[in-house]
Amino acid sequence: MNIARIPGSFDLMPSGYLVTDNERSILYANRYALTHLGYDDLSGTPLFDIFTLASCILFESYIAPLLLKEGACDEIQLTLKAIDGSKRSVVTNIRRDEADNNRVHWTFINASQRDKLFQELIDARNLLEEKTRFLEARTVTDDVTGLPNRLSVTQYLTERMSNPALVQSQFVVLFIDLDGFKSINDTYGHEIGDQFLKAVGQRLARSLRATDLVARYGGDEYVVLLQQTDNEAKTNTLMIQRIVNQLNTPFQINGQSLSVSASAGATRYPQRDSVEPEQLIRQADQAMYEAKLAGKNQIRWFDPDWENSQRTQHELTAQIRQGIELNQFLLHYQPKINLKSGTVIGLEALIRWQHPNRGLLMPGDFLMHIENQQIELELGDWVIDTALKQATQWHQCGLPLPVSVNVSGFQLMDPQFLERLTALLYRYPDLPRQHFELELLETCAIDDSMNIANVIASCRRMGLLVSLDDFGTGYSTLSHLKDLSVDILKIDRSFVQDMLTNPSNIAIIKGIIGFAKAFDCKAIAEGIESADQQAALLQLGCQTGQGYHIARPMPGESIEPWLTGRPTPTKP
Ligand code: C2E
Ligand code: MG
Ligand code: MG
């Protein structure tokens with residue numbers, strides 16, 4: 001495609017350059033943009049696929065109108081999504097080219113990363129030189145595949161790890177073992193087997209960058225070294241998945257269509273403790289073995305801190321179980337109000353842990369350590385049960401206040417979640433279902449979207465309310481959310497925090513309110529810390545909110561005194 005670059009003020013720096021058409025499809029992305037986001041190609045991709053939701057909303061509500069009116073928009077901070085889901089904060093200059101079908105030209109830089117990028121370019125050159133020199137001089141190749149063999153890859157690792165020009169270098173060692181290769185060998189014989197191994201090696205090699213290396217380690221095992229730059233964040237499972245998944249497409253060998261899958265283990269270099277080249281390969285091999293045990297066709301990471309973390313994990317789980325038994329957990333409740341009338345419209349239950357030695361712990365102190373584990377489900381059930389009990393009590397004494405609880409993604413994805421929720425609700429038949437609300441993180445609602453969407457729909461069919469928490473901070477895009485119906489969007493605190501000084505945040509809040517209207521749900525603002533914020537939110541059309549300015553989270557028994565003299569909803 002012939003795209004005339006429109007000069008921008010970032011021209012002297014390494015900058016990303018995108019051109020989009022008036023349907024917001026990407027027509028062109030320069031090499032920097034591709035590398036920065038981890039893509040091989042972006043042409044034809046909808047622009048919103050690489051925008052976070054907040055950036056989509058900012059575009060709709062602020063950038064697009066400004067481009068239409070003035071043709072340009074400078075120094076806008078946006079968050080882009082890299083292929084592995086990580087976020088990239090960039091500063092963007094945008095131009096609309098009226099003479100060229102209103103194509104839009106985007107130039108962006110990542111100011112904080114600028115110096116690092118130069119360093120990475122130098123590192124990559126050093127690495128390439130090292131690799132070429134090594135391959136030319138020393139490599140012993142494997143007869144079957146023509147790839148470096150076991151000895152070479154270990155020597156290469158040794159040289160690379162001791163080369164002073166590359167000491168900063170970070171990389172991932174990947175150990176790949178084919179699942180089901182033996183049956184190919186047994187069925188079709190060694191000659192076809194060898195051709196197959198060669199084809200696998202070629203396919204792996206094609207999927208790598210010049211600075212990466214693939215070797216045949218033995219049998220049906222391959223070792224891959226993936227160079228990692230800081231700028232790519234962490235080489236993550238998704239990127240490895242892309243490499244390994246390529247092996248799932250059948251191979252055509254001698255007119256036969258042959259398929260295998262592969263199990264892979266990965267480990268990172270450098271590590272906190274010093275590590276030898278052979279040890280790195282053993283770690284990746286060990287992780288691969290766990291992938292096999294877990295059912296093959298998977299990827300596992302080696303975790304150098306595994307033993308330590310297992311021990312503390314074990315202790316924490318035991319402490320939490322004991323804490324539940326000894327009533328050390330409690331819920332604090334934060335009022336949500338109608339911002340205009342001050343009427344309390346509900347309460348959010350937030351967990352606290354009265355730890356015997358460490359004092360009152362906040363969710364941020366312990367929840368993350370039990371993520372994705374059975375104990376998280378047990379604690380989640382305790383939260384739901386306790387909040388239901390409290391809500392029922394308030395109802396019985398004439399305070400019909402809806403209560404919301406936070407539900408984690410892991411809870412929601414648990415196959416027994418609906419069953420257990422139903423059983424818990426059954427214990428409190430006097431509480432109207434529409435007075436109980438589940439707050440789900442936007443990020444978990446879009447994950448594995450089909451199944452979660454079904455769970456959300458079932459909860460709503462039961463009569464419960466569902467809200468999306470921290471809305472605007474997740475990775476979703478508008479197209480993701482179209483299919484997800486919920487009752488409430490909770491505008492994340494980060495947008496409210498500096499809304500009075502940051503016009504982009506005003507635009508995002510406006511966008512979320514408009515979005516809520518369009519999808520027939522309510523919007524509520526979190527984290528209101530001042531009267532000015534409250535007034536500004538009201539002016540933007542946001543009717544409800546919560547935050548320290550209104551009330552801090554407080555124990556259940558403080559709610560009644562707090563409510564005295566305030567307008568409360570009457571019992572229906
Ligand atoms: P969240 O659901 O977004 O809850 C709001 C958090 O913001 C609460 O922090 C609340 O105390 C705090 N907050 C409220 N108003 C303001 C304000 O005006 N300014 C500031 N700076 N902060 C405000 P908390 O209680 O520490 O909870 C943090 C997060 O932990 C919650 O965020 C929620 O995601 C999670 N969480 C809390 N309780 C539970 C629970 O029972 N289960 C699960 N799965 N997660 C929970
Ligand atoms: Mg919440
Ligand atoms: Mg929140």
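This is a predicted model: local features need pLDDT of at least 70, side-chain atom pairs count only at pLDDT 80 or more; totals for chains, interfaces and linings use all residues.
Local features need pLDDT of at least 70, side-chain atom pairs count only at pLDDT 80 or more, and totals for chains, interfaces and linings use all residues. Residues are numbered from 1 along each chain as its sequence is written, chains are lettered from A and ligands numbered from 1 in the order in which they are written, and side-chain values use heavy atoms, with hydrogens and water left out.

**Ligand 1**

The shell around ligand 1 holds 21 residues. A residue belongs there if one of its heavy atoms lies within 4 Å of the ligand. Asn 406, Asp 469, Arg 493, Glu 529 and Tyr 548 come nearest. By class, the shell has 8 nonpolar, 5 polar and 8 charged residues. Here Ala, Val, Leu, Ile, Met, Phe, Trp, Tyr, Cys and Pro are nonpolar, Asp, Glu, Lys and Arg are charged, and the others, Gly among them, are polar.

Strands E14 (344-355) and E18 (465-471) each supply at least two shell residues. E14 gives the largest share, 4 residues. Strands (E, at least two residues) and helices (H or I, at least four) are DSSP runs, numbered from the N terminus.

Polar contacts are pairs of N or O atoms within 3.5 Å; within protein, one must be able to donate a hydrogen and the other to accept it, and residues adjacent in sequence count only if both atoms are side-chain atoms.

| Residue | Part of residue | Distance to ligand 1 oxygen |
|---|---|---|
| Asn 406 | side chain | 2.8 Å |
| Arg 493 | side chain | 2.8 Å |
| Tyr 548 | backbone | 2.7 Å |

The protein covers 82% of the 790 Å² of accessible area that ligand 1 has on its own. Such areas come from the Shrake-Rupley method with a 1.4 Å probe; for residues, only the protein chains shown count as cover.

**The magnesium ions**

Glu 348 (OE), Asn 406 (OD1), Glu 439 (OE) and Asp 469 (OD) coordinate ligand 2 at 2.0 to 2.2 Å. Donors are N, O and S atoms within 2.8 Å of the metal (3.2 Å for Na, K and Ca); water is not among the atoms, so sites may look incomplete. Asn 406 lies in strand E16 (residues 403-407) and Asp 469 in E18, so this pair ties together parts 63 residues apart in sequence.

Asp 469 bridges both ions, which lie 4.2 Å apart.

Asp 469 is buried at 6% relative accessibility, and Glu 526 is buried at 9%. Asn 406 is partly exposed at 29%. Buried means under 20%, exposed over 50%, partly exposed in between (1.4 Å probe, protein chains only).
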